[in-house]
Each structure stands twice: as structure tokens, then as C-alpha cells.
Number of protein chains: 2
Amino acid sequence: MTPTRWEAALPSHVVIREVGPRDGFQAEDVAIPTEHKVKAIEDLAKAGISHIQAVSFVHPKRVPQMQDAEAVLWALQKQPGVTYSGLALNLAGVKRAVATQVDALEISVSASDAHSRKNTGMGRDLAVEQAADMADMAREAGLEVIAGVQCAFGCVFEGAIPEKQVLGMVEAYLALSPQALCIADTTGMAGPLQVQELMTQVLTLSGDLPVFLHLHDTRGLGLVNMTAAIMSGIHHFDTSCGGMGGCPFIPGAAGNVPTEEALYLMERLGIATGVDLSQVSACSRSLEQFLRRVLPGRIHRLN
Amino acid sequence: MTPTRWEAALPSHVVIREVGPRDGFQAEDVAIPTEHKVKAIEDLAKAGISHIQAVSFVHPKRVPQMQDAEAVLWALQKQPGVTYSGLALNLAGVKRAVATQVDALEISVSASDAHSRKNTGMGRDLAVEQAADMADMAREAGLEVIAGVQCAFGCVFEGAIPEKQVLGMVEAYLALSPQALCIADTTGMAGPLQVQELMTQVLTLSGDLPVFLHLHDTRGLGLVNMTAAIMSGIHHFDTSCGGMGGCPFIPGAAGNVPTEEALYLMERLGIATGVDLSQVSACSRSLEQFLRRVLPGRIHRLN
């Protein structure tokens with residue numbers, strides 16, 4: 001065991017993708033008016049966030065909070081240089097997405113067969129097959145494609161997810177020539193050594209393609225896992241302002257890593273993000289007012 | 001920038017000192033009956049915690065929650081192999097401690113002059129001088145001595161604390177031949193690179209002496225700072241079950257790193273602690289019942 005200083009293993013810059021407007025809002029019980037969603041997305045862009053996952057195109061009966069996806073996107077004053085993306089889980093979702101002004105679409109499949117069935121009604125293998133058609137349709141409409149793997153670090157229904165399963169999906173995705181990948185710890189089950197092990201292998205396959213790591217803070221390890229990933233070469237992270245979030249189809253699922261805590265961590269690691277922490281905090285505090293709950297992040301309440 | 005895998009830099013074992021019965025209880029508004037305190041301490045020892053900071057010997061008017069320190073210690077069924085310690089900030093406290101059956105005494109001085117005055121009524125330099133007499137008195141009574149530095153990473157009143165100031169205090173302490181040191185981020189202002197920088201220098205001075213790192217999770221970086229410290233060679237950590245805690249004399253101070261999250265982190269890093277996570281979680285859940293508040297830790301609520 002040799003003492004190790006972190007400084008030399010850190011990059012100069014990372015990209016923060018804000019997913020609160022999708023992963024956060026979808027988990028809230030209070031109906032959020034479209035104009036509040038639009039305002040939050042616009043405020044986050046003004047704070048310097050360069051990529052915002054703004055909506056998902058899923059069935060309104062399954063995720064009622066996202067039923068105004070089109071309305072949100074049409075109302076939005078887009079800011080130059082910012083990517084606004086959506087999430088789709090099936091072809092019906094892609095059809096909706098291509099009719100909007102969304103810039104990028106994440107097509108996402110769970111590495112857990114059981115979670116995939118609950119989330120989309122399709123088993124994993126069928127969902128991966130369908131992802132090829134989804135990617136084609138999105139690309140033909142001029143959208144960037146992000147190919148995502150959910151439950152990559154474990155599943156509350158299936159337990160451990162073999163790395164081979166995740167890497168097989170990554171290989172299938174790479175054949176679709178996406179603009180980015182996303183590896184998600186949907187259930188907040190990842191640990192730092194596991195993150196380093198899997199991410200090192202994913203990066204070996206993906207080369208220069210951006211790989212987003214989507215972490216949930218269910219067991220408090222979110223920022224440790226993020227730091228472990230940075231030191232393995234991952235430079236793209238999903239976070240949600242105030243730490244909103246949680247999958248509606250996973251019992252006990254907690255929020256994403258709070259954007260503010262990720263920004264503060266980067267600041268303390270000497271890593272640039274281009275995002276103004278105090279503006280994001282102000283956004284979280286105003287979200288708390290209409291969500292009528294204290295969000296789990298700590299930093300936005302210190303300002 | 002070179003990708004770095006953590007595994008090779010991790011120790012096989014770390015020591016967790018539970019400080020909830022002192023740092024946690026002192027910050028609670030609800031009066032906690034002595035028998036509840038005793039039960040919590042006994043339950044934590046049964047869970048495998050080998051060192052518990054059980055009480056502080058401070059003026060009952062300043063910290064009313066600790067006024068039954070002697071009663072707690074006399075009522076306690078001590079478990080063999082467990083160190084029960086107390087905290088004292090002045091000679092009056094040491095006098096009380098030596099009349100009890102406490103095993104070890106932490107004498108603690110703030111690296112911030114302003115915080116020291118608020119906490120003890122003494123400036124830092126006077127407090128360091130007095131620490132020599134405190135250490136002598138405790139040692140003569142057969143107590144182990146732990147010499148602590150508060151606000152070592154910054155102070156809400158003074159801002160940045162020069163490393164030189166902390167290292168000067170460590171040198172003064174080493175002349176007192178203590179059994180351990182404790183370096184505290186009392187205000188939760190530490191960042192991981194700062195932790196590695198300071199701890200590396202402290203360890204250079206302290207040699208084989210155990211050095212406890214006492215972290216607060218005010219800004220969410222508690223576990224990242226802990227991981228950074230482990231990789232600098234620190235193997236002793238203060239935590240509090242459920243994440244209770246906070247200094248009564250620091251506005252906005254948040255709890256310690258939750259014991260459960262520290263234990264879970266160690267589990268996921270492959271580091272042994274000898275402590276049963278589920279038993280500590282059960283203890284935190286029963287504390288929540290009589291504290292009548294949800295504690296900030298996440299893991300104890302998942303079980």
C-alpha cells in the first residue's frame with residue numbers, strides 16, 4: 001500500500017449534464033406547471049450548464065409529470081452553445097422527439113432484464129435490438145444520439161449485473177455510431193472500485209467518445225464514485241440541481257448527485273466546469289418553493 | 001494526467017471512532033435522558049465499534065446536553081477491548097474527567113483564534129499552553145491522551161487557516177507525548193486535495209502515532225475527504241451514527257460523516273472495520289425515535 005496524491009490524476013475540465021428537469025421532475029408528486037419547468041431549464045442554462053436533459057418522451061400514463069415534453073421544448077428560449085436533450089425508451093418516444101426541437105436524444109436500455117420489463121414492458125435483448133431502429137430514426141431527423149445503459153452497477157430486482165452484460169451492450173451501441181454513451185447507476189448501488197473497474201473497460205471500448213456517468217446518491221457514495229470515475233478517465237457526469245430525482249419504478253430510489261455538490265467538488269479538485277455554483281443554488285432554492293419540499297442537497301441551503 | 005486505480009493505495013483495515021454520543025448529542029435540542037445515552041453507547045460497542053467518544057466535560061451552562069457526563073460513564077456497562085473517551089477544553093474539564101472511569105481524554109484546541117475564544121473563552125496560544133498542563137494531569141491519572149486540533153481546515157470566523165498554524169500545534173502536541181492526535185474539520189470546509197496536503201505533512205511529523213481525522217459533512221464532501229485521507233495514509237476516522245452532530249458555537253455547522261456511510265464506503269473499498277453496519281443502522285433508527293427528527297444519513301433508513 002503506497003500513499004497516493006490525487007492531484008496528478010485529475011483533468012483540467014469536466015462536463016456536467018443537468019438531468020434534474022427530467023430525472024428530478026419525473027419523481028415529484030406535485031404537478032409542475034410547464035412554465036415552471038421552462039424557467040428552471042432556462043435558469044440552469046444561464047448558470048453555464050452546457051447540456052440539459054430537459055424532458056423524456058415516455059407514455060403519459062406511466063410518467064404523468066413528463067406529459068408536457070413537447071410544450072416544454074417549444075416554450076423554451078434556447079441558449080446558443082447549450083445542448084437540450086430528451087430521453088426515449090421506445091420507438092413511440094423517438095417519433096415524438098423528432099417532431100420537436102430537441103437537439104439530442106438519449107435512447108436507454110436497462111442492463112437488468114427485470115428492470116427493463118418493468119420500465120418499458122420489453123426484455124433487455126429485445127430493447128437492445130429496438131435501440132438500433134431508434135438510433136436510426138433519431139439520426140435521420142438530425143438529432144445527436146446518446147446510447148444509455150441503465151442499472152449498469154446492480155439492480156434491486158436482479159442483484160449484481162455482470163460486467164460482461166454491460167460491455168456487450170456498449171459494443172452493440174458502438175455499432176450504432178452514437179455521439180455519446182451514458183452508463184447509469186440507476187439504483188445507486190455502485191462502489192468506487194467497481195466504478196473504476198467497469199469504466200476502465202468501457203473507455204477501452206469507446207475510445208474518444210464522450211461517456212456520461214449517471215450516478216444516484218442512494219447510499220451516500222455519489223461523490224466518491226464520481227471522483228473514482230474522474231481518476232479512471234471519465235469526464236462527463238449527470239447531476240441534478242438540489243439532488244432531485246429517482247426512478248419511479250425502483251422502490252427506495254434516491255436522487256442524483258446534487259449538481260451543486262458536484263460543482264463544489266470540482267472546484268475543490270481544481271477542475272473547471274464553466275458553471276456558476278451560486279446561480280444553480282438559487283435555482284434549487286426556487287424549485288424548493290414550488291415543489292414544497294427540502295431537496296436533499298446541502299450546498300444550495302448554505303447560500 | 002494519468003488514470004489512477006485506487007486499489008493499490010488502500011489499507012486492509014481502518015479504525016472508526018464513534019463520536020455521536022458526544023458531538024451528536026451535544027447539538028440536539030431535545031433533552032436526552034441519561035439512560036438513553038448509555039443504551040446508545042452500549043449498542044454501538046455491541047456493534048463492534050472499538051472506540052467511542054462518549055461524553056465531554058464542558059461547562060453545563062455552555063453545553064447543557066453534556067451535564068450528565070459523569071452519570072453516563074458510571075452507568076455504562078463497559079465492554080472489554082473498547083476505549084471510552086471524553087473531551088475536555090480546559091483544566092476544570094480534566095479535573096472532572098480524572099474522577100470518572102473514562103479510558104482516554106481528548107484535549108482539544110482550535111487552530112482558529114476567534115473560534116477558540118468563542119468555544120473556551122481563551123485565545124489559541126493560551127489554550128495550547130494550557131494543553132500541556134491538561135495532558136500532564138490526565139496522564140498522571142492513567143488516562144490515554146488524545147491531542148486535538150479543531151478548525152484545522154478553515155474557520156467560519158477567520159476563513160482560511162494557514163497550514164503552518166496547524167503544524168505548529170501538532171509539534172507542540174508531540175512534545176506532550178500523547179497516545180494519538182486528532183485533526184478536525186470542525187466547520188466542514190475541507191477539500192480532498194487540502195486534506196491530502198495537510199495530512200501528508202502531519203504524518204511526516206507524527207510518525208507511527210495514530211492520527212484521527214474528524215470530518216463534518218457540511219458541503220457533502222465528507223466521504224470524498226475521507227477517501228483522500230485514506231490514500232494519504234490516515235487510518236483513523238471520527239464518525240457519528242446517522243450523521244448527528246455539529247458544533248453549538250458555529251452557525252450552520254452540520255453533522256459528522258455518518259458512521260453507516262463510512263462503514264459502507266470501507267466495505268466497498270475492501271477495507272475491514274470490524275463493525276456491523278446493520279447494528280449501527282438499528283441504533284440510528286432508535287435514536288431517531290427519541291430525538292424526534294430524521295437524521296441526515298441515508299443508509300440507516302434503507303434497512
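How many residues of chain A are in contact with residues of chain B? Here are some friendly notes on that.

1. The count is 38 residues of chain A against 38 of chain B, with contact meaning C-beta atoms, placed from the backbone, within 7 Å. This is a predicted model, in which local features need pLDDT of at least 70, side-chain atom pairs count only at pLDDT 80 or more, and totals for chains, interfaces and linings use all residues. Residues are numbered from 1 along each chain as its sequence is written, while chains are lettered from A and ligands numbered from 1 in the order in which they are written.

2. On the side of chain A that touches chain B, two or more residues come from each of helices H8 (192–206), H9 (222–230) and H10 (259–269). Helices here are DSSP runs of H or I, at least four residues, numbered from the N terminus. H10(A) gives the most, with five residues.

3. Chain A can be laid on chain B with an RMSD of 0.0 Å by a turn of 180° and a shift of 0.0 Å along the axis, superposing by least squares on C-alpha atoms of residues with pLDDT of at least 70 in both. The two copies are thus related as by a two-fold rotation axis. In chain A, Val224(A) has the C-alpha nearest the axis, 2.6 Å from it.

4. Because 100% of the interface residues of chain A are also interface residues in chain B, the copies meet through the same surface.

5. In H9(A), Leu223(A), Val224(A) and Thr227(A) meet Leu223(B), Val224(B) and Thr227(B) of H9(B).

Methods
Contact = placed C-beta atoms within 7 Å.
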